[in-house]
Amino acid sequence: MTVKVAFMQLSSCWGCHQSLLNAHLGLLQVLPALDIVYWPAVVDFKHDSLVAREDEEIVVGFIEGMIRTKEDLANTKLIRKKSKIIIAFGSCACYGNVPGLANQWPIDEVQMRKFMEVESATTKRIPDQHVPGFEDKVVNVDDVIKVDAFLAGCPPRTEQIVGVVQFLLGQKGFPMNEKSFCEDCVLKESGCLLDNGVLCYGPVTSIGCSLKCTNKGDPCVGCMGPAKNASDKAQKLLDMTKSLDYISSGNKKNLFEFLSLFLNVPLMAGFDLSGDIMMQIKKRGKPDTPLATIPSITTEIATNLLGFLAMHPEFHEISNVCQTCPRIIGKGTMTKVKRDYEGIPNQEDCFIEQGYICVGPITKAGCGGLCIKVNAPCTGCYGQTEWVIDQATRFYKTIKESFNVELSKEEFFIQVKDPIGTFNKFTLASNRDFNLGE
Amino acid sequence: MVKEIIVEPITRLEGHGGLRIVIGDDGKVKDAQFNVTSTRFFEKFCEGRYCEHVPRITTRICGICPIPHHLTPTKAVEDAWNVQIPTPALKLRKLLINAKQYSSHLLHFYALAAPDFLVGPFADPALRNIVYVINKMPDVGAMALKMMDFGQKLCAEIGGKSVHPISAIVGGMKKPMDEDVRQKFLKQIPEQVEFTKKTVEIGLKVVEDYWDVIANVGVVPTYYLGMTNNGVHDIYEGDIRIVDLEGKKIDYDVHNYLDALGEHVPAHSYATHMYYKPAGYPDGIYRANCLARINCVDKMATPLADEALKAMRAKIGTDLIHHTFAYHWARLIETVEAIEIVGSLLGDSDICNPDCKTLDIEPREAEGIAITEAPRGLLLYHIWSDADGICKKLNLLVATNHNIAGIEKSLMHVAKQIFEDNALEGLKLPDPWIK
């Protein structure tokens with residue numbers, strides 16, 4: 001059974017598609033399961049064929065790119081109408097990415113530079129025939145339509161994209177056994193963790209593992225994927241997921257692990273699902289994904305957890321880039337802000353404590369620290385862990401609290417000569433309160 | 001009755017655009033437009049950024065060729081600040097850009113172009129794509145994927161990420177290659193060279209099959225633009241060369257680019273039209289990319305590629321090739337050169353030398369200009385630095401600009417062949433490989 005998917009390309013660079021194609025041999029497993037009905041980068045279906053499709057005919061619509069032109073805006077609305085689920089694919093669709101930096105100037109000034117003032121231009125004019133015209137600002141996709149899931153990254157890692165596709169195809173690679181983990185659990189008769197207030201996901205997880213977790217007294221975190229039938233204890237788990245407000249830190253950790261493993265989305269931090277995506281998959285017609293075949297109580301539990309995740313941005317902070325960074329904190333001290341061209345950072349110690357600006361502490365994890373591995377500080381392409389207007393101050397506060405920094409706020413801001421480019425490089429367009437001239 | 005033929009969007013293309021052909025009531029082609037419908041204004045929003053950060057922003061211009069968009073502005077800033085980089089860094093950069101050339105050319109050949117030839121130009125659009133090719137020719141598909149995978153993995157290893165690399169820095173590279181990594185990739189070279197030879201065989205078979213098309217459709221005389229290193233093919237360093245309609249070669253130092261290259265802003269496209277300034281617009285319209293480079297050079301840089309170039313020139317019977325469909329052939333010749341260079345640089349342990357970044361860097365108020373060859377054509381960055389090393393201004397000439405006018409010219413030519421002369425009717429087309 002194949003799943004109908006479409007890729008809408010707004011103004012962009014193609015890099016997200018390249019990242020998907022980088023799965024190379026891995027594509028052979030994924031592609032046959034997809035019925036690709038629109039993907040200009042790779043297949044030949046034209047725009048009118050998409051217009052002609054029925055509303056919500058497409059199961060998953062990926063939006064790649066940002067809204068820069070009026071055509072981008074119209075296409076964003078079009079793909080929303082034609083798709084059951086919309087995924088903002090990559091940091092352009094999630095946050096506007098670097099072209100959002102153009103929001104610092106009025107569009108007229110921006111166009112003037114490109115079409116009238118550049119040194120090589122000989123004939124000068126603003127093109128106006130058979131071209132769509134520009135939006136005044138780079139507009140965030142999320143401001144125009146409802147987005148069901150965000151897959152950030154510039155580009156998102158190949159493994160993440162493949163993981164997301166597999167997730168949507170329905171737990172590919174999981175055994176989907178009839179019975180749940182509880183059937184074999186040593187704590188079945190007495191000492192059930194759920195009875196002691198610990199979030200244990202055994203009731204909805206497939207049987208068949210070595211039971212290592214509960215044998216040690218730890219809860220099941222769902223690594224076998226969903227069971228075809230949930231156990232009696234599922235109701236208890238469901239009730240607990242309805243009131244997560246006072247969740248303990250141990251339960252938080254489990255919850256996060258569960259969502260990554262159970263939903264089969266590697267590096268879950270880079271893939272933000274709106275809380276009700278599971279319900280939507282269920283409700284909207286009969287989607288061709290086996291996700292719809294898991295028990296409804298399981299769906300409800302996952303929905304509650306995702307909802308909690310969506311409502312609690314601070315929760316994401318348990319996963320910033322620093323937490324995936326192998327560098328050592330505590331050896332050096334930032335006494336002045338160094339530019340990237342200055343000196344050569346050593347590869348063992350934290351960039352910040354060597355004096356370099358690395359926005360890892362305020363950036364969502366998910367990338368796997370690729371830049372850090374080649375000795376380049378993080379510049380934030382997975383987006384910020386918390387949404388505030390003034391990311392620069394937030395960054396300063398964070399490093400002052402958590403790292404060795406001997407530099408006053410005043411000195412810091414004198415030395416950082418490009419705060420917008422440094423702290424909002426990928427996210428300026430998603431910062432709705434940013435006004436020109438600030 | 002005026003008729004308009006519109007193709008929207010153009011597919012299997014990196015970028016956004018449509019085609020528009022206007023045919024008058026006399027049956028004559030009146031206009032052929034390539035409408036590029038998006039642009040993102042990197043020229044503007046790089047203003048105010050740290051010069052050394054510009055190469056971490058401009059990669060986002062192109063996801064297929066982010067490596068030239070990373071290296072060229074780095075070189076431009078080095079030009080402005082008068083920075084010399086250590087030899088190991090130079091070798092790493094050349095390895096990086098050639099690894100990209102390799103994977104990009106293969107992506108183009110197999111994923112973007114081959115479906116037309118293997119499935120056939122008039123096949124069902126639902127089938128005319130790489131997914132179908134992989135399903136129907138699994139051996140070739142797997143080989144193609146292994147080749148692209150090798151190139152992209154090598155890019156990721158040196159660049160940190162294959163899409164939007166981060167490892168080049170003003171003054172050199174942030175990190176040398178690890179010796180075990182070098183050995184790992186070096187070991188794969190013989191297999192990759194074999195794959196490349198097989199790919200060339202497939203390419204030559206396609207050339208034979210479609211000879212009638214290559215020789216008769218879209219043979220469009222234009223100027224050509226390419227970079228050469230004293231006449232030798234090079235994609236990392238060299239100067240600007242123009243080849244005129246008679247085949248005369250004219251060289252320009254990159255710093256004098258404004259003498260050679262003009263930018264015509266059309267009313268119907270956000271991508272501007274570059275042309276050879278001394279000849280004026282539209283007479284001076286040129287083309288870029290692989291065929292243009294091949295027309296510009298006296299020779300290729302490596303033995304197998306040079307042999308392949310000689311064979312191509314002999315078969316077509318000229319050193320100045322205007323055959324648009326020969327682009328695919330030229331691309332394969334460059335693929336051969338790329339894998340030869342990758343092999344030889346991986347064999348050089350100097351790429352593991354930790355001396356890959358200079359400490360002698362001082363920002364200054366100055367302009368810097370640099371070029372490289374991106375897979376789809378010459379890339380030029382002109383950057384203005386202030387005394388603090390902040391980017392005051394940026395001018396960019398990218399492959400798209402160099403190609404659009406030439407593409408329109410070819411489109412006009414082919415539209416006339418098809419709609420006025422019914423050239424398709426007598427054309428000999430082979431049976432598709434995949435039925």
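**Entry 1: ground rules**

I noted that residues are numbered from 1 along each chain as its sequence is written, and that chains are lettered from A and ligands numbered from 1 in the order in which they are written. The model is predicted, and local features need pLDDT of at least 70, side-chain atom pairs count only at pLDDT 80 or more, while totals for chains, interfaces and linings use all residues.

**Entry 2: the two chains**

I looked up the secondary structure of each chain. Chain A has 18 helices and nine strands, and chain B has 14 helices and 15 strands. Here helices (H or I, at least four residues) and strands (E, at least two) are DSSP runs, numbered from the N terminus.

Next I looked up burial. I call a residue buried if 20 or more other C-beta atoms lie within 10 Å of its own, exposed if 12 or fewer, and partly exposed in between, with C-beta atoms placed from the backbone. In chain A, 53% of the 438 residues are buried; in chain B, 59% of the 435 residues are.

Then I looked up contacts, where two residues count if their C-beta atoms, placed from the backbone, lie within 7 Å. I took contacts between residues at least 6 apart in sequence: in chain A, 77% of these join residues at least 24 apart. For chain B the corresponding figure is 70%.

For chain B I also looked up dimensions. The radius of gyration is taken over C-alpha atoms, and the globule rule is 2.2 Å times the number of residues to the power 0.38. A compact globule of 435 residues would have a radius of gyration near 22 Å, and chain B agrees because it has 22 Å. Its C-alpha atoms fill a box of roughly 65 × 45 × 40 Å along the principal axes.

**Entry 3: where A touches B**

I found 66 residues of chain A in contact with 74 residues of chain B. On the chain A side, the elements giving two or more residues are helix H1 (15-21), strand E4 (67-69), helix H6 (107-117), strand E6 (121-123) and helix H15 (370-373). H1(A) gives the most, with five residues. By class, this side of chain A has 30 nonpolar, 21 polar and 15 charged residues. For these classes, Ala, Val, Leu, Ile, Met, Phe, Trp, Tyr, Cys and Pro count as nonpolar, Asp, Glu, Lys and Arg as charged, and the others, Gly among them, as polar.

I followed E6(A) and found an open sheet of three strands, ordered E6(A)-E10(B)-E11(B), with mixed pairing. Strands pair if DSSP finds at least two bridges between them. The edge strands, each pairing on one side only, are E6 of chain A and strand E11 (273-276) of chain B. The twist averages 45 degrees from one strand to the next. Axes for such angles are lines fitted to C-alpha atoms, for helices over the stretch in contact, and angles run from 0 to 180 degrees between N-to-C directions.

E6(A) and strand E10 (residues 261-264) of chain B run parallel, joined by two bridges. The bridge partner of A:Ala121 is B:Glu263, and that of A:Thr123 is B:His264. H14(B) lies across E10 and E11 of chain B, at about 80 degrees to E11(B).

**Entry 4: the two domains of chain B**

The domain bounds, from an automatic or database domain assignment, are domain 1 (3-36) and domain 2 (42-420). Their C-alpha centres lie 26 Å apart. I found 14 residues of domain 1 in contact with 17 residues of domain 2. On the domain 1 side, strand E2 (17-23) and strand E3 (29-36) of chain B give two or more residues. E3(B) gives the most, with six.

I then looked up the sheet E1-E2-E3 (chain B), which is open and antiparallel. Strand E1 (3-7) and E3 of chain B are its edge strands. Seven bridges join E2(B) to E3(B), and B:Ile21 stands opposite B:Ala32. Helix H14 (residues 399-420) of chain B packs on this sheet, touching E2 and E3, and its direction makes about 140 degrees with that of E3(B).

**Entry 5: two local checks**

Helix H11 (residues 289-296) of chain B is mostly covered, with eight of its eight residues buried. Among them are B:Cys290, B:Arg293 and B:Cys296.

A:Ala33 sits in the loop between helix H2 (27-30) and strand E2 (34-38) of chain A. A:Ala33 is partly exposed because 18 other C-beta atoms lie within 10 Å. A:Ala33 and A:Gln166 are 133 residues apart in sequence but 9.4 Å apart in space, C-alpha to C-alpha.
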